[in-house]
Amino acid sequence: MKVFSGSSNKKLASKIAGKLKLELSPVEIFVFPDLEKRIRIQEKVLDEDCVVVQSASIPPDENYMELFIMIDALRRSGAKSIKVVIPYLGYQRQDHIFREGEAVSLEVIAEILKTVGMSEAYSFDLHSPKIPDVFSVPLHHLSALPEFGVKIKKDFNLDEIVLVSPDMGGIRRIKEVSEMLGNIPYATIVKNRDLTTGSINDSNLDGDVRDKTAIIVDDMISTGKTTVEASELLVNEGASKVFAFATHAVFARDAARLLQHSRIERVIVSDTIDVPVYSLFPKLEIVSISDVAAEALKQ
Ligand code: R5P
């Protein structure tokens with residue numbers, strides 16, 4: 001097996017290769033003055049099983065394009081199979097038509113990946129469990145939640161915590177973590193929306209967090225708004241402390257500043273996305289999912 005990395009998350013790609021007792025295989029990514037890229041696989045891959053690691057983090061279009069071209073280069077060089085690890089699957093929130101006239105962007109991505117030569121895909125904590133159905137090649141749905149479960153067990157007194165889903169959509173996730181930790185209590189934030197505009201009128205808490213350490217668990221933090229607003233509600237409802245776990249540190253706009261200046265004690269994310277230096281902040285902690293990815297690739 002040979003492991004190649006795109007430019008979005010080389011740190012994670014090296015870790016995955018290391019767990020497979022391999023070094024990253026060389027690939028030349030040349031950027032032209034107009035920002036087009038030329039990609040050349042610098043090793044023989046004829047009849048080899050190849051893996052490409054590339055996260056569709058910011059900037060998603062650029063990272064996807066680089067991935068498409070890398071897969072094409074591997075296919076043309078005679079690779080036997082091309083497994084693609086997309087730790088954070090960009091465009092996954094556009095997996096069906098919400099309003100008439102929209103595109104199903106995730107299906108476009110899935111079709112291109114298959115057309116250029118992807119054999120199988122691996123991704124983490126997908127927004128909806130139905131997303132693999134959009135792909136016509138196998139998409140293995142992996143999770144950072146077991147790693148988070150281990151960390152929660154190690155760092156917290158389970159008798160003092162309550163897990164919190166910041167919205168109804170996250171209940172499945174929160175139940176999973178609760179079960180992992182011996183069915184510890186959980187609460188959910190219920191958002192009441194204006195049915196015409198879709199905007200949130202108010203939020204209520206379903207569950208009890210008084211005098212407890214509240215641990216928010218979510219799939220992603222993008223602008224940070226959901227997590228920070230959830231933390232404020234939890235403090236108002238009497239939580240003694242608030243921590244936040246999220247698989248994907250998308251960190252759009254000034255999420256890092258918002259999170260650092262919030263009531264949250266610590267923000268724990270996984271390394272599905274390589275957080276750029278300008279988005280690192282003192283309260284941030286990063287847990288690696290490289291073991292999970294490597295184990296899945298061994299199957
Ligand atoms: C929502 O359904 C997701 O699970 C996240 O809660 C959301 O995408 C986070 O976005 P933001 O950080 O921009 O509030």
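Tutor: A crossover is right-handed if, with the strands pointing away from the viewer, the path from the first strand over the helix to the second runs clockwise. The present model is predicted: local features need pLDDT of at least 70, side-chain atom pairs count only at pLDDT 80 or more, and totals for chains, interfaces and linings use all residues. Residues are numbered from 1 along each chain as its sequence is written, and side-chain values use heavy atoms, with hydrogens and water left out.

Student: Which elements make a right-handed β-α-β unit here?

Tutor: Helices (H or I, at least four residues) and strands (E, at least two) are DSSP runs, numbered from the N terminus. The right-handed β-α-β unit consists of strand 12, helix 7 (residues 255–260) and strand 13.

Student: How many bridges join strand 12 to strand 13, and which residue is the bridge partner of A244?

Tutor: Two strands pair if DSSP finds at least two bridges between them. Strand 12 (residues 241–249) and strand 13 run parallel and are joined by four bridges. The partner of A244 is V267 in strand 13.

Student: What joins strand 13 to strand 14?

Tutor: Four bridges do, and these two strands also run parallel. Within strand 14, I286 stands opposite V269.

Student: Why is strand 13 largely enclosed by the rest of the structure?

Tutor: Buried means under 20% relative accessible area, exposed over 50%, and partly exposed in between (1.4 Å probe, protein chains only). Strand 13 (residues 266–270) has four of its five residues buried, so the rest of the structure largely encloses it.

Student: Is Q260 buried, exposed or partly exposed, and which residues does Q260 touch?

Tutor: Contact means heavy atoms within 4.5 Å. Q260 lies in helix 7 and is partly exposed, at 21% relative accessibility. Leaving aside residues up to four places away in sequence, Q260 touches F281, P282 and K283.

Student: Where is the place of K21, and what is the phi of K21?

Tutor: K21 is in the loop between helix 1 (10–19) and strand 2 (27–31). Phi of K21 is near 60 degrees, a positive value in a residue other than glycine. K21 is exposed, with a relative accessible area of 76%.

Student: Is the peptide bond from I58 to P59 cis or trans?

Tutor: That bond is cis, with omega near 0 degrees. P59 is placed in the loop between strand 4 (49–53) and helix 2 (60–76).
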